[in-house]
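Please read this briefing beside the sequence and the 3D view. A few lead sentences come first, and the points that follow are grouped by topic.

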Amino acid sequence: MNYNNKYFNPEEAFTRQEIESYQLDRLQKTVEHCMNSPFYRERFKKEGLKPSDIKTLDDLRKIPFTTKQDLRDTYPFGIASVPLDQCVRLHSSSGTTGNPTVILHTQKDLQEWANAVARCLWMVGCRPNDVFQNTSGYGMFTGGLGFQYGAELLGMLTVPAAAGNTLRQLKFFTDFGTTVVHAIPSYAARLYEVMQERGIDPRKDTKLRTLVIGAEPHSEDTRRRIEEMLGVKAYNSFGMSEMCGPGVAFECPEQNGMHIWEDYYIVEIVDPDTLEPVPDGEVGELVLTTLKREAMPLLRYRTRDLTRILPGDCPCGRQHKRLDRMKGRSDDMIILKGVNIFPIQIETILMQFKELASDYLITLETKENNDAMTVEVEVADNLSFDDFGKLQNLEREITRQLRDEILITPKVRLVPKGSLPKSEGKAVRVKDLRIKY
Ligand code: ADP
Ligand code: ZN
């Protein structure tokens, strides 16, 4: 492929009209194909719905939602729309929030998935002369093989370094001339910490240029910090096992919202209580319908992720809608003293303080019959624990800003860098030790 091509696929350049007519055609085919799935056949029968009832894109709303519970109830293969002998791989979610769910793939599903990932990477300037190092866990976790196949399809030299072993990761950076890295945000910060310990200057001693970060919610300030630390441009990447994995939505060079590939998915944002659609710009639950999947198409899948569609056109020219940063999952929400709080709200405040490092832990406890929140946060290297007055003032200022944001007064504790527990996969930000009555 010509390195100067702006688009990896012609579909990327679709106009709104082209997107919609493509979607209608694919939706009708997908619904038809879903009738091979015992689950969907039964569900359509119950609703008195036939595939021929889907005449316009608006008719999508006649179809009932599919939920994670449906995937669990039909575990492992009951939702599939092809016989098992046509499937070549399965993945399962990492089970952050309960039992795993299984997603099956045909050969063609894997090709389409790799294409979507390659398209994302091409969009942010990755080219076959890049060296791509993937620090994701491999195996069931889709960030491993998902990026591997996408990066290979694009033509990059791809290093399946997998998770952990940070010293080895750094050695690979320098030995192989890695230019693009995929890492979850908490691990990107960890890479920098270890570089500092080893006297490695990412700008001088490595060729790193691009970072793909995703898989967990993070704030704009966290992104800027990571970019500053590693001397890279960092692009937000969104995906989930149920939608293959990475490659669902990805930032373009504008770094302002993630384009969701509408030739792959129909996107809806609904009010999680009423399940009615909300207008563009308003936050709600992301609902996705797959348009290309063979083995396990999903209709109106409730992702439980909360986000919004960014209104307006992207200056990059792509018409595929943009998702805002994820606010979190509906099941990540902390309810403390009747107030709803998302961990990302706390992170957004913390990361505005230059005196703080990137790791924090929110603990919820019952003390003297009262539920309370403690926020422990690591301080930056250059902050000394000798100056009590300064630390106290800082704690006070953080507390004040958190209270303004979450309407509850947490106890803020500054702790030395490196003292909070680290996890190899997605960061654990909330520990709930409350007594449940
Ligand atoms: P699990 O559901 O067990 O964590 P997945 O790997 O399928 O396993 O995780 C998908 C979830 O990860 C998404 O539903 C979303 O909550 C979160 N996620 C993925 N990418 C991002 C991102 N860029 N920003 C915020 N959250 C993300
Ligand atoms: Zn764009």
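The charged end of which residue sits over the ring of tryptophan 122? It is that of arginine 127, 3.7 Å from the ring centre, where a charge counts as sitting over a ring if NZ of Lys or CZ of Arg is within 6 Å of the ring centre and within 35 degrees of the ring normal. This is a predicted model, in which local features need pLDDT of at least 70 and side-chain atom pairs count only at pLDDT 80 or more, while totals for chains, interfaces and linings use all residues. Residues are numbered from 1 along each chain as its sequence is written, chains are lettered from A and ligands numbered from 1 in the order in which they are written, and side-chain values use heavy atoms, with hydrogens and water left out.

**Rings and charges**
- Tryptophan 122 is buried, with a relative accessible area of 1%, and phenylalanine 8 is buried at 13% (buried means under 20% relative accessible area and exposed over 50%, with partly exposed in between, for a 1.4 Å probe and protein chains only).
- The count of aromatic pairs comes to 6, a pair being rings of Phe, Tyr and Trp (its six-membered ring) with centres within 6.5 Å.
- The rings of phenylalanine 8 and tryptophan 122 have centres 5.8 Å apart and planes at 50°, so this pair is tilted (planes under 30 degrees apart count as stacked, over 60 as edge-to-face and the rest as tilted).
- Phenylalanine 8 lies in the segment before α1 and tryptophan 122 in helix α4 (residues 107-123), so the pair ties together parts 114 residues apart in sequence; helices are DSSP runs of H or I with at least four residues, strands are runs of E with at least two, and both are numbered from the N terminus.
- Arginine 89 lies over the face of tyrosine 149, at 4.9 Å from the ring centre.

**Helix α2**
- Within α2 (residues 38-47), the residues Phe39, Tyr40 and Phe44 are buried.
- Seen down the axis of α2, the buried residues fall within an arc of 120°, so they line one face of the helix, the arc being that of the directions from the helix axis to the C-beta atoms.
- On the face turned away from the buried side, α2 carries the exposed residues Lys45 and Lys46.
- Just after α2, glycine 48 takes a positive phi of about 65°.

**Strand β19**
- Leucine 414 has its place in strand β19 (residues 411-415) and is buried, with a relative accessible area of 8%.
- Among the residues that leucine 414 touches, not counting those up to four places away in sequence, are Leu356, Val377 and Phe385 (contact means heavy atoms within 4.5 Å).
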